[in-house]
Amino acid sequence: MKSKVIPIIVIAVTMLPALGTLVAASASGGQVPIRYGQIIGAQLLLFVLFVSAQVPEVLSRDQQHHLLPLLFTRDVTGVSYALSRFSAMFTAVFIVALAPLLLLYLGEVGIAKDPASTFAVMGNRIWPVLAQSTMSAFAMTGIGVALAVWSPRRAYATAGIFATFLLLAAISTGLDDLAGVSLRTAELLDPLRAMRTMAMILFGETNRGMELNPPASIGVYIALTLGVGAVGLAVMTWRMQRIRT
């Protein structure tokens with residue numbers, strides 16, 4: 001049960017802002033806008049908490065309890081083990097990231113005065129919902145597995161993952177504030193800031209900061225998130241092929 005506490009809390013907390021937004025939009029007769037990018041951007045740190053808690057459960061326990069020799073005596077290679085663990089973790093994070101966005105999407109259609117016509121207008125919005133969930137999950141899973149695979153201790157792996165995200169955020173902010181690096185260049189070093197901006201662009205939203213400092217093209221953020229995830233998977237695969245069993 002201890003391993004289920006954080007996932008349950010994260011799922012509940014991520015759904016509450018979406019529900020609150022839908023209630024406000026319904027009560028105001030549609031006057032309160034539903035901003036997908038803003039809501040999901042504010043929840044990314046909760047996804048980091050989920051990844052930090054769950055990736056070590058998936059990876060570190062096998063090393064800690066010396067299960068890898070038993071697994072690898074079957075038809076399981078380091079590559080297949082890495083791919084299966086990565087896929088499992090990616091699926092979990094994808095579901096957590098998709099749930100609030102899907103709730104907003106279905107809720108926006110449901111609270112409309114004419115759901116059918118509203119669905120016809122915003123039917124294509126499902127693609128940004130799926131794209132944001134997929135790329136966020138891929139990048140976060142990549143970072144998580146690349147770090148957790150090095151430690152058999154879950155506590156160390158959890159602390160390492162969470163600290164890495166915070167460190168990257170601090171470095172990005174420092175480069176922006178102290179080193180004079182442009183805001184948009186510095187944010188590429190912080191996965192969370194980059195994913196927030198990507199979400200705003202995907203859903204066609206903007207804020208004051210984006211108006212003053214226009215972001216890079218959406219292709220830059222997509223390449224960054226996919227690249228981070230791919231590198232994380234590569235590191236994990238390399239490690240599993242060389243780990244001593």
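Select Glu57. Glu57 is partly exposed, at a relative accessible area of 22%. The classes are: buried under 20% relative accessible area, exposed over 50%, partly exposed in between, with a 1.4 Å probe and protein chains only. This is a predicted model, where local features need pLDDT of at least 70, side-chain atom pairs count only at pLDDT 80 or more, and totals for chains, interfaces and linings use all residues. Residues are numbered from 1 along each chain as its sequence is written, and side-chain values use heavy atoms, with hydrogens and water left out.

A salt bridge here is a side-chain nitrogen of Lys or Arg within 4 Å of a carboxyl oxygen of Asp or Glu. By this rule the count comes to one salt bridge. The pair links distant parts of the chain: Glu57 is in helix 3, Arg154 is in helix 8 (residues 154-177), and 97 residues separate them. Helices (H or I, at least four residues) are DSSP runs, numbered from the N terminus. Arg154 counts as partly exposed, at 28% relative accessibility.

Stay in helix 3 (residues 44-64) and select Leu44. Is Leu44 buried or exposed? Leu44 is buried, with a relative accessible area of 1%. Leaving aside neighbours within four places in sequence, Leu44 is in contact (heavy atoms within 4.5 Å) with Ser136, Met140, Leu192, Met195 and Arg196.

Next, the aromatic rings. Select Phe86, Phe90, Phe94 and Phe138, which form one aromatic cluster. Rings of Phe, Tyr and Trp (its six-membered ring) pair if their centres lie within 6.5 Å; planes under 30 degrees apart count as stacked, over 60 as edge-to-face and the rest as tilted. A search of the whole structure finds five aromatic pairs. Zoom in on Phe90 and Phe94. Their ring centres are 6.1 Å apart and their planes are at 25°, so the pair is stacked. Both lie in helix 5 (residues 78-110), four residues apart, about one turn of the helix.

Phe90 and Phe138 form an edge-to-face pair, with 6.3 Å centre to centre and 80° between the planes. This pair links distant parts of the chain, with Phe90 in helix 5 and Phe138 in helix 7, 48 residues apart. Phe90 is partly exposed at 21% relative accessible area, while Phe138 is buried at 18%.

Follow Phe138 into its helix. Select helix 7 (residues 126-148) and helix 12 (residues 218-242), which pack at an angle of about 35°, with their axes 7 Å apart. Axes are lines fitted to C-alpha atoms, for helices over the stretch in contact, and angles run from 0 to 180 degrees between N-to-C directions. Among the residues that meet are Met135, Phe138 and Gly142 in helix 7, and Ile222, Gly229 and Met236 in helix 12. The residues of this contact divide into twelve nonpolar, four polar and no charged. Nonpolar covers Ala, Val, Leu, Ile, Met, Phe, Trp, Tyr, Cys and Pro; charged covers Asp, Glu, Lys and Arg; the others, Gly among them, are polar.

Last stop: Thr21, in helix 1 (residues 2-27). Thr21 is buried, with a relative accessible area of 17%. Beyond its neighbours within four places in sequence, Thr21 is in contact with Pro33, Ile34, Ile39 and Leu104.

Definitions and conventions. Helix = DSSP H or I, 4+ residues; strand = E, 2+ residues; numbered from the N terminus.
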